[in-house]
Amino acid sequence: MKKGWLLALLGACSAQALEVTPVAPHLYRYVLEADVPGFGRVPANGIIELEGNKALLVDTGWNQDQGRELLNWIQSKGIKDIQVVLTHSHADRAGGVKVFLDAGLTVWAHEKTAALLKEPRLSVWSGDSLKLGPVEVFYPGAGHSPDNLVVWFQGQRLLFGGCLVKDVAAKSLGNLEDADLRHWPEALKAVGHRYPGARLVIPGHGDGRGPGAINHSLALLEKR
């Protein structure tokens, strides 16, 4: 990954109130924004799962201030047993990771993400899938980035597509600095084949929640 783009994002972030919306039983979509050079104001989605006295957080905000907002929101529910999953190494996913590591929490990262972040405190996994109870984290190969992951919530039939998957209203593929345009369609097809029963597909950016996001992403790639 080219460090210039990541550093630009980290330096461009500004404060924004955390927006959290329920999307399925025990699952919440959160949105945090940053000013990104060349793209303007960019909202990024993530997922929080609250189940009993445990929480699973997908991604960490654009920077440490936003990471603290996320951690405070979860802890305000009286929850201390928190795990975190990173869906890739870009700042919109991993910008706040230090907050959670400093708090002594488990942060899961694929070996490709860990190699890019160079953070020794990450809990590193390899292969194509990681099971966290009924939740599955899946690595379909390179697409938006060399390390992009998706997260499948089996009980709710909800797929968080991260930046591999584009919003159904998206007109472009967004940032392509680290993209593998040749393999991206194959990665999307692998996700669609693995989770054909998804009721909701939430992309990394945008408001769309419908199951058509994978096909729309494929259509955008075919136009290039």
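This is a predicted model: local features need pLDDT of at least 70, side-chain atom pairs count only at pLDDT 80 or more; totals for chains, interfaces and linings use all residues.

Colleague: How is a pair of aromatic rings described?

Modeller: A ring pair is described by the distance between the centres and the angle between the planes. A search of the whole structure finds three aromatic pairs. In one of them, F138 and Y195 have ring centres 6.1 Å apart and planes at 85°, so this pair is edge-to-face. Since F138 belongs to strand β9 (residues 135-138) and Y195 to the loop between α6 and β12 (200-203), the pair ties together parts 57 residues apart in sequence.

Colleague: How are the rings of W152 and Y195 arranged, stacked or edge-to-face?

Modeller: Their centres are 4.9 Å apart and their planes lie at 25°, so W152 and Y195 are stacked. This pair also links distant parts of the chain, with W152 in strand β10 (residues 150-153) and Y195 43 residues away.

Colleague: What is the relative accessible area of W152, and what is that of Y195?

Modeller: W152 has 4% and is buried; Y195 has 6% and is buried. F138 is buried as well.

Colleague: Which side chain of opposite charge is nearest to D167, and how far away is it?

Modeller: The nearest is R29, at 7.6 Å; D167 is buried yet has no salt bridge, for which the cut-off is 4 Å. D167 lies in the loop between β11 (158-162) and α6 (184-194). Its contacts beyond four places in sequence include P203, H205 and H216.

Notes: Residues are numbered from 1 along each chain as its sequence is written. Side-chain values use heavy atoms; hydrogens and water are left out. Helices (H or I, at least four residues) and strands (E, at least two) are DSSP runs, numbered from the N terminus. Buried means under 20% relative accessible area, exposed over 50%, partly exposed in between (1.4 Å probe, protein chains only). Lys and Arg count as positive and Asp and Glu as negative; His and the chain ends are not counted. Contact means heavy atoms within 4.5 Å. Rings of Phe, Tyr and Trp (its six-membered ring) pair if their centres lie within 6.5 Å; planes under 30 degrees apart count as stacked, over 60 as edge-to-face and the rest as tilted.
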